[in-house]
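The sequence and the model come first, followed by notes grouped by topic.

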Amino acid sequence: MEAGLINAELVLPTHFSFKRIQIYEKYPKGQPRGRWKHLKQILQAENYQNFPTDEPNYVNIESPPSMHPPLRICDITGFEAPYHDPRTNLRYANTDVFKLVRSLPNEHVQRYLALRNAAVTLK
Amino acid sequence: MPFVSQIKRQTDYNLFSSTTPIVIDNGASNFRIGWAGENDPRVIFRNIVQRPRHKTTGETVSIVGDHDTTLLKYFDCSRSGPRSAFDSNVVYQFEIMEYILDFGFDRLGANGSEIDHPVLITECILNPVQSRSKMAELLFETYGVPSVAFGVDAAFSYKYNQQHGICDKDGLAICPGFTTTHVIPFIDGEPVYKGCSRTNIGGYHVTDYLKQLLSLKYPHHMARFTWEKVEDLKMEHCYIATDYASEARLFQKGTKEAEEKTRCWQLPWVPPPIEEPPSEEEIARKAAIKERQGQRLREMAEAKKSSRINEFENQLRGLEFLLQQLEKVEESEISYFLKDTGYVSRQEIESALAKVTQSLRKVKGEPKGEQAEVEEKTDEKYPLVNIPDNMLTPDQLREKRRQMFLKTTSDGRQRAKQKRVEEDLERERKNQLDEKKRLENPELYLGEMRTKYKELCEKVEQRKRLKTNGNNSNGNGMSGGVGRGERLNAAQRERMRLLTTAAFDRGKGEDNFGAKDEDWQLYKLMSKDNDEDDEGPDEDETELSRVSSRLQEIDPTFVPKPEPGPSQSAADTPRSRPLTKEDFQILLGVERFRCPEILFHPNLVGIDQAGLDEMAGVSMRRLSSKDQVLDERLTNSILMTGGSCLYPGLSERIEAGIRMIRPCGSPIKVVRALDPVLDAWRGASLYADAVQFPQQVFSRMDYFEKGEDWLRRYQFQYTL
């Protein structure tokens, strides 16, 4: 390896003395690495419904949807936006911004909507 | 403040006895590891792993934490992005966790055959037992740790601050972290998990939002907005406004305050080398060279002309001589005589003579009576035209037809020429009138021109808009185009009609459009391409260009409006003029307080949960204690901890938010932890150092004997 020492410190060595089982033994090279369960699957496997519902668990303590009136801001400038464009579904603050909204290429429109999680994704 | 990671290898591992616990704060952003009882963690690094391939050897290596990017150039990082062991605040990828622990222990100086110290590691609140058990297994099996304890980082932070007197034993801990935000009530020093509340928004989402906004606003410089850079920007410039609406209004009006609050980031930019206007001597020299070249060309042309004249004259003389000789010779001997010269008969010689004289005259540059000559030619060329048909032989008839055709075409050409001349004259006259009008009354003229320009602009724009609107809606499929009530013009309506008739099922169940010939005719009518090139540059546009050029000539302040190109104006028009310094400046105005606002309004990024201030209310509601006094005690000591609470203005905002939901006059005190980032580790270290710590840990034996159920119920006791 180049620049000897610097790189050696950068890269994780493969063998550690304090480990009982080394990484290359646990995850042999070439074999597909274990499929790890994502959070959703972990939570499903937990079977929280079998336990009393007033006991707190990971799913219980999530916050409910907000009760406060939602803050509507313009997607592009960030000012307060009382208006809504029916064609592109973006919010805008005034006529100048509206001109900009109508002149955006479709890709940008989708990205702005995706910021708000309002983009229509075709599966 | 830029994040600093400490990854120097520690050398004093062996100085610690095997009862000293190792304290690990396993956070989604950073991994902190150190010894119990100390004030600061020894090793801190970002909790990510990259597995790039080495460019020359090709092997895959692992690199933990974030490193200097210059060192990474030896590796091909394209396939591997930085990966984290976390999915929201829960560890799920234990292979990556193993790499991280390896690195952490290694930098702490671990040697020997196993990690011989008890380990206190932090986890998220109410960690699912699967994650917990896998973590315990990892520590026990692979590292040989004798005993392990799990604790919640926010609780440690609260207890640490409580010990230092910042907050009371009853209170609320608000903990905005990297991926999630928690609110935990504490009663009698212990966290009450029943009243906990978690929203899945954190520093990660804020940075991501800022990154997206900047990329969309400055698409040219998208490559500059890397995750690390944006995070730096966020830490340096973002703040929380006390009232979002009023701040936004400040910026919208463009007040001076707003200007001051706008920060500007200048990207490195090299101005293109300006060409100096050529000096006087340069200009004179260039002009002289051009003169000389012109002179030379003219001389050459002259020489050629004179040589040609000579040639023609020689020819002329020769032919005349020949003619003279011919007269002397008798009839019968003409053919014999002429055999040598290459001409067959006398007429030929005469015609050749005529041609040569003509070209001579042309070369000499004498103006010839062209019209007269053409007319002569016509009469000469078409002798047969005027003779009626029945007197001619078939050959001559054919000849006549050809001559008629030629005559009509040349007539037509002449007529066109006439018309052009007339038009030219007309235009000249109009220009002169215009000039006169202008000279008489410049102001009025200018005003008229300007209004005319505006009207024409409007008309052209409207037509363009109709055209592109119609075409866009037709191009995107008929899904919403017509139904939205768009005013389509006649052509577009026709096209829609054709499309619907064609799409109508002919009843056979098979699509055989295209089998018959007329279908292709229909297709041609429908096709969009035909739509577009039937309108050439129409008169309005030509008029517009004429008027704008006129205005440009006479009015120094007139600036022609740039043609709005189809939907690319924002990106393209700046490129038409040379890039200036301003193009390379990134302005952070509204974004500065818009991005952290999502902590209070997760709806802005589409996450439908309560924001920070509302979460405190939710948490207190969940406690469902009817004790007013307790509630007051809770709000009296609200602690902010966690990496994302470093925004200026956060405490005021939370105070205002909680005041809205509490009855008037109740005491509210919001304090920030001594060091929001490191306090969790410090609190944990304090606990690990305490005498009662060995009671809190569980060992490998315990884990195997008591099983998973017990592990689920295992909770750390936070009161010493």
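A salt bridge is a side-chain nitrogen of Lys or Arg within 4 Å of a carboxyl oxygen of Asp or Glu. By this rule the count over all chains comes to 29 salt bridges. The model is predicted: local features need pLDDT of at least 70, side-chain atom pairs count only at pLDDT 80 or more, and totals for chains, interfaces and linings use all residues. Residues are numbered from 1 along each chain as its sequence is written, chains are lettered from A and ligands numbered from 1 in the order in which they are written, and side-chain values use heavy atoms, with hydrogens and water left out.

**Salt bridges between the chains**

- Side chains of opposite charge can pair when their charged atoms come close.
- Across the interface of chain B and chain A the rule finds 4 salt bridges.
- B:Glu98 forms a salt bridge with A:Lys19, with the closest N and O atoms 2.9 Å apart.
- B:Glu98 lies in helix H1 of chain B and A:Lys19 in the loop between helix H1 (4-10) and helix H2 (23-26) of chain A, so the pair joins two chains.
- A:Lys19 also forms a salt bridge with B:Asp102, where the closest N and O atoms are 2.9 Å apart.
- Helices (H or I, at least four residues) and strands (E, at least two) are DSSP runs, numbered from the N terminus.

**The interface as a whole**

- The contact (heavy atoms within 4.5 Å) takes 92 residues from chain B and 62 residues from chain A.
- Chain B and chain A bury about 7000 Å² between them, 55% of it on carbon and sulfur atoms.
- Buried area is the accessible area (1.4 Å probe) that two parts lose on being put together, summed over both.
- B:Glu95, B:Arg198 and B:Leu216 supply 10% of the area that chain B buries against chain A, more than any other three residues.
- Between chain B and chain A, 24 residue pairs are in polar contact, both residues being at pLDDT 80 or more.
- A polar contact is a pair of N or O atoms within 3.5 Å; within protein, one must be able to donate a hydrogen and the other to accept it, and residues adjacent in sequence count only if both atoms are side-chain atoms.
- H1(B) gives the largest share of the side of chain B that touches chain A, 9 residues.

- In chain B, 6 strands form an open sheet with mixed pairing, in the order S3-S2-S1-S11-S12-S21; two strands pair if DSSP finds at least two bridges between them.
- Its edge strands are S3 (43-46) and S21 (698-699) of chain B, each pairing on one side only.
- Strand S2 (residues 30-35) of chain B runs antiparallel to S3(B) and is joined to it by 4 bridges; B:Ile33 has B:Val43 as its bridge partner in S3(B).
- Helix H1 (residues 94-108) of chain B lies across strand S1 (22-26), S2 and S3 of chain B, at about 40° to S2(B).
- Axes are lines fitted to C-alpha atoms, for helices over the stretch in contact, and angles run from 0 to 180 degrees between N-to-C directions.
- An open sheet of 3 strands in chain B has the order S6-S4-S8, with antiparallel pairing.
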